[in-house]
Amino acid sequence: MKHDALRQPRRIFIKGLNWVGDAIISTPALARLRAAHPDAVITLMARPWVAAVYEHNPHIDELWVHDDSASAASFAKAVRMVRRGRFDVGIALPNSIRSGLLLWLGGVRWRIGFGDGARASLLNVRIARDSKLARLHQVYSYLRLVEGLCPPVKEPARQVLVPGELEREEVRLLLRRLGLDRGQELVGLAPGSINSDAKRWPAERFAALADRLARERRCEILLLGGAPEKAVLDRVAAAAATPVHNLGGALGLGGAIALAERLSALICNDSGAMHIGAALGIPTIAIFGPTEWETTYPFSSHAKIVRREGIECAPCMLRDCPIDHRCMTAIEVDEVIATMNDLFTEMHKEKAGAK
């Protein structure tokens, strides 16, 4: 990567990721790219349902919100947008043929991405994966993609997620309307997951957890999730003995980010909510079962995971469990409460040591 356009790019195009968690995980790479090229114009294209992750990111100059997957016409429009941008460098964050084709048809001079699979011929700067990278958190995969554009640094990678001021005001008004603006401890429970039922700890366990937390911590419980997850939030609310605030579908992604900022703690499945909590530094407890935790755990020193060792079929990565969901049903409420208490103790010690 010795060409001048790679050493000193003027216009950089980034094809953003398509899931909330993945988009958040990619933000350390954006920060690294901006630090290395403060004068470059960095443009990122994101699909509408993840745009709020990138909307207030200080490390990009232009955000293009466009769904290039909606139809052939929408993809053609995306190609025209990229062509008009006259980018000298493009980075395909998604490992897909579509993202490579977008850079190629868009006339981007230097097209960077992981070079495995059928799209290799569409890229002319192909990044190789190795076995070490495959064992690391996915944050480091996206950092690898920009490595050749950036000098080595010693600073640790940090996720960047910035709530918008309009969304903060929306949340302030919502909490006021619910009577939750008087300094109460707010604990969020996110029992859903958009793309997999198998990731979900049973709704009845979340309900029992809500009862324990309300009784032992005297906190207010907020059930969090988007419209597609509302059914499972309704089940939790119906099963809980304690009154809970069911906010299923009440906020868009930007509002959910702003609300997470107000929480004392977040307990969730392996989901976008988990990555939101981690990126904001909110004490986060994530419950893992069928998914690969070593590369997708919440990337934060203020987070812990709960998983059951010794389940022979986990992680299976299936979206629906074909047997008895044992990797999740084996996890008890007591374990989640104990993990949360351990996290608070560690954070208290860390804070005391910093004084």
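Select Glu-165 to begin: this residue is exposed, with a relative accessible area of 56% (exposed means over 50% relative accessible area, buried under 20%, and partly exposed in between, with a 1.4 Å probe and protein chains only). The model is predicted, so local features need pLDDT of at least 70 and side-chain atom pairs count only at pLDDT 80 or more, while totals for chains, interfaces and linings use all residues. Residues are numbered from 1 along each chain as its sequence is written, and side-chain values use heavy atoms, with hydrogens and water left out.

**Stop 1**

Glu-165 forms a salt bridge with Arg-168, and their closest N and O atoms are 2.5 Å apart (a salt bridge is a side-chain nitrogen of Lys or Arg within 4 Å of a carboxyl oxygen of Asp or Glu). Why are Glu-165 and Arg-168 separated by about one helical turn? They are three residues apart in helix H9, residues 165-177 (helices, H or I of at least four residues, and strands, E of at least two, are DSSP runs numbered from the N terminus). Arg-168 is partly exposed, at 28% relative accessibility.

Next, select Glu-261, whose side chain meets that of Arg-168 in a salt bridge of 2.6 Å, N to O. This pair links distant parts of the chain, 93 residues apart: Arg-168 belongs to helix H9, and Glu-261 to the loop between helix H12 (253-260) and strand S10 (265-269). Glu-261 is partly exposed, with a relative accessible area of 31%.

Arg-172 is partly exposed at 36% relative accessible area, and Glu-169 is partly exposed at 34%. The structure holds 23 salt bridges.

**Stop 2**

Select residues 186-190, which form strand S7. Is S7 largely enclosed or open? Five of its five residues are buried, so the strand is largely enclosed by the rest of the structure. Leu-186, Gly-188 and Ala-190 are buried on one side, and Val-187 and Leu-189 on the other.

Which strands pair with S7? Strand S8, residues 220-223, pairs with S7 in the parallel sense over four bridges (two strands pair if DSSP finds at least two bridges between them). Leu-189 stands opposite Leu-223 in S8. From S7 the chain passes through helix H10 (residues 203-217) to S8, in a right-handed β-α-β crossover (with the strands pointing away from the viewer, the path from the first strand over the helix to the second runs clockwise). Four bridges also join S7 to S10, and these strands run parallel. Val-187 has Ala-265 in S10 as its bridge partner.
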